[in-house]
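Reader: Hi! Could you walk me through a few packing details of this one?
Author: Happy to, let's have a look together.

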Amino acid sequence: MKKTVCVTGASGYIASWIVRFLLHRGYTVKASVRDTKDPKKTEHLLALDGAKERLQLFKANLLEEGSFDALVDGCDGVFHTASPFFMGSTTDPQADFIDPALKGTLNVLGSCAKTPSVKRVVLTSSIAAVFANGKPRTPEVVVDESWWSTPEFCEQAQQWYMLSKTLAENAAWKFVKEKGIDMVAINPSMVIGPLLQPTLNTSSDAILKLINGAETYPNMTSGWVDVRDVANAHILAFENPSANGRYCTVGTVLHYSKLVDILLQLYPNAKLPERCADDKPFTPTYQVSKEKAKSLGVVFTPLEQSLKDTIDDFKEKGFLKYPSAF
């Protein structure tokens, strides 16, 4: 008998792929969404192979203590992915980022602590909880799981998403240690690849902006990883008894200028930005260790393939301004 597991924030980009892969593997999946009556949150999940027989949808609110009790009840594993991620400014970082990430994580873990059937929790954290600490990141530097972002650095930089993920993961490790819960954390970078949900998510939007007529590209270096690799990492982290601690899940690190170069090689007719958003020196690249992720069995999809699959999906969903160039 395959086990019963639950996924929080199941309508999200990574979570939808986790649900798809779990159903494909024969699991029964209990999935939480903010609104079970919103077709944008539910239709793509209910259409997955196996959903009719083995997917149950639940309404749950990250900020409401106990609202995950029914979801977690009877589950062997819990995948906690629900957490807000968006770019841009906020006038209330506490309400927009920190409370949902931090309180939400502790509410889900609180439900797990009451549920003896739960064997392991897999937490979707972020590389944002790893490298935001002021240490230099240069080509010879290798970031790995021993690195931690510092709340002080995130606050000074006003990087509220990074702060929310750092506080949430820190609090999660403290809580599970006290309660004796087995937890593994997955720390992905910017995630791209095909979308199962009908709406555009933040990391995919970074690619769409570049190919939809942006005048400039950001002076920024980022890690990139395929959403299918991230979803697979979560399931391997649940299934592998020896999985432990954190797993940096980053396929490639490169500056946006190099990303534009790759897109031009793939799509010579595309209208892509030719200049950087500022005239400062390019932010340096750095390395992120893949050793621990590979030891889990993660095989990273080549960036070119992920980009092509992302853009094919944009085309299919009608997101492209200049579809004929692709």
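Predicted model: local features only at pLDDT ≥ 70, side-chain atom pairs only at ≥ 80, totals over all residues.

Reader: Nice. Which residues meet there?
Author: From H8 you have Ser204, Ile207, Leu208 and Ile211, and they meet Leu307, Ile311 and Phe314 of H12. By class, that contact has 6 nonpolar residues, 1 polar and no charged ones.

Reader: Switching to aromatics, how many pairs are there?
Author: The count comes to 8 aromatic pairs. Take Tyr217 and Phe282: their ring centres are 6.3 Å apart and the planes stand at 75°, so this pair is edge-to-face.

Reader: And where do Tyr217 and Phe282 sit in the chain?
Author: Tyr217 is in strand E9 (residues 216-217), while Phe282 is in the loop between strand E13 (275-276) and strand E14 (287-288). They are 65 residues apart, so the pair links distant parts of the chain.

Reader: Is Tyr217 buried or exposed? And what about Phe282?
Author: Tyr217 counts as buried because its relative accessibility is 9%, under the 20% cut-off. Phe282 has a relative accessible area of 44%, so it is partly exposed.

Reader: Which rings form a cluster?
Author: Tyr27, Phe79 and Phe238 are linked into a cluster by ring pairs.

Reader: What sits over the ring of Trp147?
Author: The charged end of Lys135 does, 4.1 Å from the ring centre. There is also Lys290, which lies over the face of Phe300 at 5.3 Å from the centre of that ring.

Reader: Okay, backbone now. Which residue has a positive phi although it is not a glycine?
Author: That's Gln158, with a phi of about 55°. Look for Gln158 in the loop between helix H6 (151-156) and helix H7 (160-179). With a relative accessible area of 55%, Gln158 is exposed.

Reader: Great, thanks!

Definitions and conventions
Residues numbered from 1 in each chain as written. Heavy atoms only, no water. Contact = heavy atoms within 4.5 Å. Helix = DSSP H or I, 4+ residues; strand = E, 2+ residues; numbered from the N terminus. Nonpolar A, V, L, I, M, F, W, Y, C, P; charged D, E, K, R; others polar. Phe/Tyr/Trp six-rings, centres within 6.5 Å; stacked < 30°, edge-to-face > 60°. Buried < 20%, exposed > 50% of the residue type's maximum accessible area, 1.4 Å probe, protein only. Lys NZ or Arg CZ within 6 Å of the ring centre and 35° of its normal.
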